[in-house]
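Me: Could you walk me through this one? I'd like to start with the packing and then move on to the chains.

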Amino acid sequence: MASHLQGRKVDISFIQTIARNNLINLLEKCPGTKAIVWDSCLAGPVGLVAQYSILSEHQVTKMFPLRPQPLPENDVTHVIFIARPKLELMDYIAHNVHADCKTKSGAKKQYHLFFVPKKSLLCLERLKHSGVLGNVMLIEEFVCELFPFDSDLVSMEIPEVFREYTLENDPTYLYQTAQAIIFLQKLYGPIPRVWGKGAAAKQVWELVVRLQREQNNTEPRKTNQTSCIDKIFLIDRSVDLITPLATQLTYEGLIDEIFGINNSTANFPIHNFLTTEEKNSNTLSEDKKQIILNSGEMLFADIRDKNFNAVGAYLSQQAKAISAQMENIQEKTVQEMKLYVQKLPQLLAKKKALAHHTAIAECIKEVTDSYEFLDTLQTEQEFLNCIDVDKSSPYIEDLICQQKPLVQVLRLICLQSLTCSGLKPKVLECYKKELVHTYGLKALLAVTKLEKVGLLKSQSGARQYTVLRKTLRLTMEDTSEMNPTDISYVHSVYAPLSIRLAEQVTKNGGWKQLQDVMGLLPGPSLDESPLVPNSLLNTESADGTSVVLVFFIGGCTFAEISALRFLSQLEDSNVEFVIGTTKLINGTTFLKSIIESY
Amino acid sequence: MFIMQSMDDEKSHMRDSFLSSATEAYRKGRKDLYASMCDEALKLVRYQREIEETLNSRNQFQHKSLHETFKLLLERQEYKLADKLKNDFKMSDKRYFWLKIEHMAQTEDWQELEKF
């Protein structure tokens with residue numbers, strides 16, 4: 001059932017089972033029919049742990065999104081709100097409960113509230129204040145720190161982490177991140193080696209150590225789990241702001257850039273998926289096609305990490321292979337025939353998957369062939385190669401004058417600012433003026449926020465990026481997109497800085513050879529080996545590979561994940577990566593999470 | 001910075017005072033660029049009100065940026081007013097040309113475009 005989560009040394013399906021059991025236990029506390037009201041940013045991720053079929057086994061008959069409007073008419077005995085501890089959501093809940101009490105069936109109903117992952121006093125106060133705390137029977141915590149995405153990927157799905165920490169100096173989410181890491185250690189054993197870079201990374205690890213000490217004092221250590229994870233590498237997003245801004249060019253990355261992937265599903269315009277007959281019939285009401293994307297599907301597992309230019313060739317090759325298999329049936333013996341029939345369902349499934357991905361690839365190609373996409377890409381690559389970064393870019397000016405989406409423009413400006421280690425004051429001023437002329441003063445608010453976070457700044461002294469580019473080989477000229485030899489294939493020219501660090505650290509076993517470079521990056525670095533009882537140590541497994549957990553605080557992109565997967569597949573590599581992140585991001589969602597005010 | 005938020009609420013009758021206090025705050029904080037931008041925004045709001053009166057169209061120009069205002073003027077074929085706007089607000093030539101060309105293409109005024 002959860003086949004896409006298993007099959008690695010670290011079995012991610014544990015996380016799914018635990019979270020699911022937690023939820024079911026909570027649901028069983030309320031016997032009878034139930035309606036669940038979801039905080040809209042949770043419904044998707046929780047779907048990764050417990051599908052609707054499981055919920056309906058436990059008498060969940062209705063599901064609603066949590067909105068300011070009152071609930072639709074319903075006749076269940078329990079109404080369960082599942083929400084993040086956020087104040088504005090409490091107001092919605094209070095409003096909903098009030099309105100629902102007054103309906104005919106309201107008197108018999110019971111209301112419950114489950115917080116994910118923690119209760120918050122502030123929220124309870126807020127409920128008391130609006131006078132509904134008495135109506136809410138059960139207030140529980142649905143502990144689910146991490147949502148399982150794939151056999152090597154877990155995410156906390158909190159988009160605000162970076163914003164809260166850097167913009168508002170609020171470390172609440174770092175505490176939650178630390179909790180998540182502790183949870184992982186409980187499950188997979190203590191981690192004997194730690195590296196980290198960036199202020200947030202350091203703070204998270206200090207919290208982990210302290211919280212663990214507290215826990216060990218209260219309850220004697222009883223885990224005798226041997227360590228499944230050998231090393232952990234914590235990276236603060238503010239160490240590498242460049243990577244999320246560059247356009248991802250892997251298959252999965254492009255799907256995310258263009259259509260957006262949420263909780264492993266993406267929506268595509270439907271017209272590419274229909275055969276001509278279906279197109280003519282016009283009976284379909286939906287105009288979106290939803291597809292689940294995870295490594296449970298063999299074909300997608302094969303192509304998700306490839307550069308998009310290599311995907312087309314691979315797909316057509318697969319298509320040929322399948323049709324070859326399906327065609328020569330005539331010359332087969334009965335034995336062979338039997339085998340063939342056994343394989344048939346598999347083949348058909350594969351054929352269907354192939355059709356889907358060909359359609360997706362066509363959708364992407366429409367975009368990647370457009371002049372706009374190519375021009376943007378070219379500008380990005382010039383910046384990354386430090387060409388013309390000092391001048392105000394005419395392309396950006398054109399974009400502003402054409403009133404392209406604000407985020408798209410800011411993304412390029414930020415990239416320029418980062419690659420030249422701060423824009424010249426004059427250039428920055430000029431951009432600001434143009435931005436305000438086109439988008440009004442709201443652009444100024446956005447710019448102010450970006451400056452505070454460090455994505456935009458005016459030039460000051462040292463040129464970190466030019467040095468980093470050389471020492472870490474961040475840009476490579478001649479990488480093959482078909483048969484990549486270096487991680488820079490994920491952005492075609494540029495190798496993600498964060499992953500270069502991970503590469504160096506795991507190869508050399510530490511920072512030693514990187515000392516000069518580390519000084520150029522913001523924040524302290526972390527290098528520790530916590531004491532772990534020898535009995536728990538994983539005596540280097542037979543094949544000599546070690547498992548490294550790379551945890552991104554503030555989000556990571558699909559391209560970075562692809563790059564890590566690529567590294568572990570290299571011939572001389574002996575590491576297996578598990579990736580943890582606070583949220584899966586791309587440049588656009590990343591900037592939006594910073595700019596948008598709420 | 002606090003005033004940015006109050007200004008963002010855009011309560012229409014209060015906008016002028018918010019904007020001018022924002023300008024003040026920026027000037028105190030020695031951010032001349034921002035101060036002048038706020039000043040300009042204020043000027044724009046007043047200008048928009050003026051246009052609305054002369055063109056007798058209520059609430060069509062408010063809450064629009066300079067760019068959008070200009071575009072709207074072009075759409076209503078108020079070329080003189082548009083040119084005046086350009087000069088008053090020191091609009092960059094590039095933007096001016098882009099807007100002009102875009103407008104001509106939209107109205108399919110190919111002859112005019114040829115001359116341009």
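What follows is a short exchange about the cores, a helix pair and the interface of this predicted model.

Me: How many residues does the largest nonpolar core have, and which have the most contacts inside it?
Reply: The largest nonpolar core has 135 residues, and those with the most contacts inside it are Ile255(A), Leu435(A) and Leu455(A). Helix α17 of chain A, residues 406-419, gives the most to this core, contributing nine residues.

Me: And what is Leu435(A) in contact with, leaving aside neighbours within four places in sequence?
Reply: Leaving those neighbours aside, Leu435(A) is in contact with Ile400(A), Leu406(A), Val409(A), Leu410(A), Ile413(A), Gly440(A), Ala443(A) and Val447(A).

Me: Switching to helices, at what angle do the axes of α1 and α7 of chain A cross?
Reply: The axes of α1 (residues 13-28) and α7 (residues 172-188) of chain A cross at roughly 105° and come within 11 Å, so α1(A) and α7(A) are roughly perpendicular to each other.

Me: Which residues meet there?
Reply: From α1(A), Phe14(A), Ile15(A) and Ile18(A) meet Phe183(A), Leu184(A), Leu187(A) and Tyr188(A) of α7(A); by class, this contact has seven nonpolar residues, with no polar and no charged ones.

Me: Now the interface: how many residues of chain A are in contact with chain B?
Reply: In chain A, 22 residues are in contact with 23 residues of chain B, and the area buried between the two chains is about 2,000 Å², of which carbon and sulfur atoms give 61%. Cys401(A), His437(A) and Leu441(A) supply 33% of the area that chain A buries against chain B, more than any other three residues.

Technical notes: Residues are numbered from 1 along each chain as its sequence is written. Chains are lettered from A and ligands numbered from 1 in the order in which they are written. This is a predicted model: local features need pLDDT of at least 70, side-chain atom pairs count only at pLDDT 80 or more; totals for chains, interfaces and linings use all residues. Side-chain values use heavy atoms; hydrogens and water are left out. A nonpolar core is a set of buried Ala, Val, Leu, Ile, Met, Phe, Trp, Tyr and Cys residues joined through side-chain atoms within 4.5 Å. Buried means under 20% relative accessible area, exposed over 50%, partly exposed in between (1.4 Å probe, protein chains only). Helices (H or I, at least four residues) and strands (E, at least two) are DSSP runs, numbered from the N terminus. Contact means heavy atoms within 4.5 Å. Axes are lines fitted to C-alpha atoms, for helices over the stretch in contact, and angles run from 0 to 180 degrees between N-to-C directions. Angles under 35 degrees count as roughly parallel, over 145 as roughly antiparallel, 65 to 115 as roughly perpendicular and the rest as oblique. Ala, Val, Leu, Ile, Met, Phe, Trp, Tyr, Cys and Pro count as nonpolar, Asp, Glu, Lys and Arg as charged, and the others, Gly among them, as polar. Buried area is the accessible area (1.4 Å probe) that two parts lose on being put together, summed over both.
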